[in-house]
Amino acid sequence: MPKPKIKICGIQSDEEVLIMNREKPEYIGFVFAESKRKVDAKIVCDLKKALDKHIKTVGVFADQPPSEVLNIAKICNLDVIQLHGRESINDIKKIKEQYDKEIWKSIAVKEKKDLQKAFDFDQNSTILLDSFSEQAKGGTGYCFDWNAAKNFSESRNYVLAGGLTPDNIVEAIKKLQPAIVDVSSGVETGGKKDQKKVKEFIRRVRTMKTSSYFLEFGGQFVPESLMNPLKELEKQYEAYKDDQAFKDEYLYYLKEYVGRPSPLYYAKNLTRHFNGAKIYLKREDLNHTGAHKINNVIGQLLLAKKMGKKKVIAETGAGMHGVATATGASLFNMECIVYMGEEDIKRQEINVFKMRLLGATVVTVSSGSRTLKDATNEAIRSWVANAEDTFYVIGSVVGPHPYPTMVRDFQKIIGEEVKKQIAEKEGRQPDVIVACVGGGSNAMGIFYPYLDLPDTKLIGVEAAGKGIETHEHASAFAKGRVGVLHGMKTYLLQDQDGQILPAHSVSAGLDYPGTGPEHAALFASNKATYTSITDDEAIEAFYLLTKIEGIIPALESSHAIAEGGKIAATLSKDAIIVINLSGRGDKDIHTVAELERSQTNEQN
Amino acid sequence: MNRINQTFKELEKEKKTALITFVVAGDPALDTTEEIILAKIEGGADIIEMGIPFSDPLADGPVIQASASRSLKSGTTIKAIFEMARNIRKKTEIPLVFLVYYNMILQYGTKRFINECYGIIDGLIIPDLPFEEQKELIADLDQNQTALIPLIAPTSKNRIKDILENHKEHGFVYCVTTMGVTGIDVTFHKDLETYLRQVKEVSQIPVCAGFGVKDKEDVRRLSGLVDGVIIGSAIVNQIDAQGFNKESLRIFIEELKK
């Protein structure tokens with residue numbers, strides 16, 4: 001889950017504005033309700049003149065008539081209206097109709113049942129949890145009983161307020177996982193904002209170690225031999241991910257070598273075909289090496305370089321991650337070994353040849369189901385043996401912490417670009433985003449920047465293979481249970497005893513019995529929806545896109561196209577849907593040709 | 001007192017090193033496993049480690065992987081393994097220890113699994129459960145009955161103290177001697193002696209070493225350093241290569257004990 005954003009509340013003076021400009025919280029709050037920190041519209045307009053334009057402004061009101069709230073909001077051009085009294089759903093509706101910006105509604109928490117009130121308000125208004133007080137409507141300076149709100153973040157994103165200080169903020173975030181934290185008296189000395197305290201509060205939030213869990217999913221279930229190598233990786237990653245020089249280098253290669261930003265293409269013919277929502281395709285297939293995989297590989301190899309590792313290993317299913325890793329290793333002059341299942345080597349001849357051309361050693365894995373799952377086992381075993389000098393480049397948002405977080409961070413550029421591109425083209429954000437899910441890195445990459453925009457529906461598409469009612473599919477959410485594999489706790493296809501079941505999909509890249517733990521958390525908390533598409537439906541979409549748009553999609557991405565088409569057909573023409581076209585289909589030509597041949601033979 | 005610690009206490013009196021021998025339950029079938037275990041006891045094994053076969057044994061090399069997959073092919077289930085263990089327990093008081101991957105415990109139900117262990121199984125080795133992830137299990141586990149056996153690796157270094165924090169009374173410490181998976185084609189870690197000595201210094205429970213122990217020579221080398229030696233792949237290999245023969249297995253174990 002992302003680190004929370006910060007709001008510093010109760011700003012009253014130019015001196016305090018200067019502190020805010022220096023420390024840069026995401027939000028600051030002006031109190032228009034009765035309070036010792038009360039300001040008026042004129043003061044706020046003056047204060048805003050000196051305020052950094054990137055900091056959003058929140059106006060705090062309590063039981064004031066909607067007309068007054070609206071009047072002040074418009075004069076001050078507030079980004080957020082925070083209602084801190086007993087405002088009704090109707091009041092909020094009235095305000096929303098005339099002022100189309102964010103609304104935060106506070107709920108005073110005394111005990112667990114108070115949280116039920118949150119569900120009276122729809123997802124359009126953000127909930128703020130504050131301490132209950134007989135006297136005041138907020139700003140009590142005291143914490144409420146955090147145990148009462150322990151699992152609240154599973155049901156919705158919210159703002160946490162009430163008695164936060166630099167000393168308790170880390171514990172609060174760990175326990176409650178709020179989306180935004182709101183502080184006022186906790187960063188004051190003598191009733192005024194204290195720069196040292198503000199700085200410390202912000203530093204503690206921003207440098208917090210990323211949790212190894214997404215709700216109850218994730219973790220580090222690995223042999224002891226890997227624990228210190230994982231801790232070292234975590235430490236280095238935490239250090240470099242916010243390092244400007246590192247970020248610049250990563251972005252440099254993504255732009256100049258990978259060819260980013262990848263286009264967001266309006267698929268006119270596809271849209272016409274389904275006769276519903278406007279369909280946009282995020283063209284990850286146009287990246288160098290033909291899929292989204294390279295984004296992550298560049299990130300991890302740059303990190304490997306910083307850590308002084310000269311050898312890298314990787315697992316691969318369809319071969320796209322293997323090719324990307326071999327490519328990066330050749331670019332950065334590293335030794336590269338790729339583990340690949342025997343079954344996949346047969347299916348993906350061209351990619352195997354490419355990896356060898358690029359100088360990588362491809363190791364055939366003949367254990368278990370001889371696909372991605374077993375290639376991953378073998379790569380982990382090899383890493384256990386060589387962790388002291390080898391970097392393991394995991395290709396999806398799977399594996400032990402920090403991999404699911406790190407891979408997602410290196411892929412989130414997909415969603416960040418979509419956010420900008422769609423705003424330029426349509427002036428708004430999409431209604432639906434669709435992506436295929438094997439381990440789930442392309443999906444996590446496009447979903448992640450949208451997690452704080454509940455109006456955009458996120459849909460992950462698993463492979464239904466020959467049908468989820470058969471035993472030959474890869475739909476962990478439809479048919480799996482929570483368990484532990486490859487270092488993580490997540491949804492897995494398994495039998496009663498916990499033996500992992502072989503997955504099946506026509507696309508090697510989706511042929512995985514589990515999903516990344518962050519997807520498991522999104523699934524469990526209903527923040528994303530997961531569906532599945534059969535082999536036949538995916539193949540049909542493969543032909544369709546090829547014929548009417550002249551784009552040959554990867555069989556993995558064809559699952560997203562098929563689902564996207566189904567959804568588009570049910571939506572009105574002014575709806576917008578973005579499908580992540582995660583890779584190109586050149587590698588699958590062989591599989592599709594084989595299928596055609598066997599069908600012709602059957603007919604004869 | 002837990003059977004494990006009883007055994008170590010007696011061995012200490014005689015100044016002997018414990019020999020802990022491994023077998024995958026159900027390879028080639030569960031009734032053979034019982035015979036294998038009885039032959040090992042006759043040969044002088046002090047503790048029996050029994051592997052519950054898992055489809056994805058991350059910490060195991062090719063020999064034990066193959067053994068586990070033979071076992072699964074023959075239809076071995078956890079239920080049947082418990083049944084067999086209860087049978088063995090009727091015949092002997094030797095300490096029995098499970099090697100089990102965490103998912104198997106989770107799917108069986110942690111409490112149900114633990115309850116079935118009590119009285120029969122004296123220790124649990126869970127190769128994919130580092131101390132950070134042990135809280136849930138430990139909360140439910142009466143270690144006096146069934147001890148959680150902590151694993152330490154040559155790279156553990158600064159972690160050793162934390163690992164042993166919850167293990168001061170029961171069971172033993174399992175020190176992995178190689179960087180890598182179980183097997184016979186591996187070599188001991190270059191800093192083996194220093195590393196084992198370091199663990200010995202900190203640990204309040206017996207220290208045993210395993211992974212990559214091939215033969216009598218290896219057993220002798222480790223005996224001077226630790227309280228027990230664990231031998232797995234080499235025995236699985238011996239049985240697999242020659243077919244199970246009670247007499248030759250007994251002699252093989254006897255030789256290792258000398």
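Contact is taken here as heavy atoms within 4.5 Å. Helices (H or I, at least four residues) and strands (E, at least two) are DSSP runs numbered from the N terminus. The model is predicted, so local features need pLDDT of at least 70 and side-chain atom pairs count only at pLDDT 80 or more, whereas totals for chains, interfaces and linings use all residues. Residues are numbered from 1 along each chain as its sequence is written, chains are lettered from A and ligands numbered from 1 in the order in which they are written, and side-chain values use heavy atoms, with hydrogens and water left out.

In chain A, helix H2 spans residues 41-50, and Ala41(A), Val44(A), Leu47(A) and Lys48(A) are buried in it. Buried denotes under 20% relative accessible area and exposed over 50%, with partly exposed in between (1.4 Å probe, protein chains only). Viewed down the axis of H2(A), the buried residues fall within an arc of 120 degrees, so they line one face of the helix; the arc is that of the directions from the helix axis to the C-beta atoms. The cover over these buried residues includes helix H1 (14-23), strand S2 (27-31), strand S3 (56-61) and helix H3 (66-76) of chain A. Exposed residues Lys42(A) and Lys49(A) are carried on the face of H2(A) turned away from its buried side. The N-terminal end of H2(A) is capped by Asp40(A), a side-chain oxygen of which lies 3.1 Å from the backbone nitrogen of Lys42(A).

Two further residues of chain A were examined in their strands. Asn580(A) is found in strand S24 (residues 576-581) and counts as buried because its relative accessibility is 0%. Its side chain makes a polar contact of 2.9 Å with the side chain of Asn442(A). A polar contact is a pair of N or O atoms within 3.5 Å; within protein, one must be able to donate a hydrogen and the other to accept it, and residues adjacent in sequence count only if both atoms are side-chain atoms. With neighbours within four places in sequence left aside, the residues in contact with Asn580(A) include Lys282(A), Glu284(A), Ile414(A) and Ser557(A). Arg283(A) lies in strand S14 (residues 278-283) and, at 12% relative accessibility, counts as buried. The side chains of Arg283(A) and Asp285(A) are joined by a polar contact of 2.9 Å. Under the same exclusion of sequence neighbours within four places, Arg283(A) is in contact with Ser262(A), Pro263(A), Tyr265(A), Ile551(A) and Leu581(A).

The contact between the chains takes 34 residues from chain A and 39 residues from chain B. The area buried between them is about 2900 Å², with 48% given by carbon and sulfur atoms; buried area is the accessible area (1.4 Å probe) that two parts lose on being put together, summed over both. Glu224(A), Arg381(A) and Asp497(A) supply 24% of the area that chain A buries against chain B, more than any other three residues. Four salt bridges are found across the interface, a salt bridge being a side-chain nitrogen of Lys or Arg within 4 Å of a carboxyl oxygen of Asp or Glu. Glu224(A) forms a salt bridge with Arg159(B), with the closest N and O atoms 2.9 Å apart. H15(A) gives eight residues, the largest share of the side of chain A that touches chain B.
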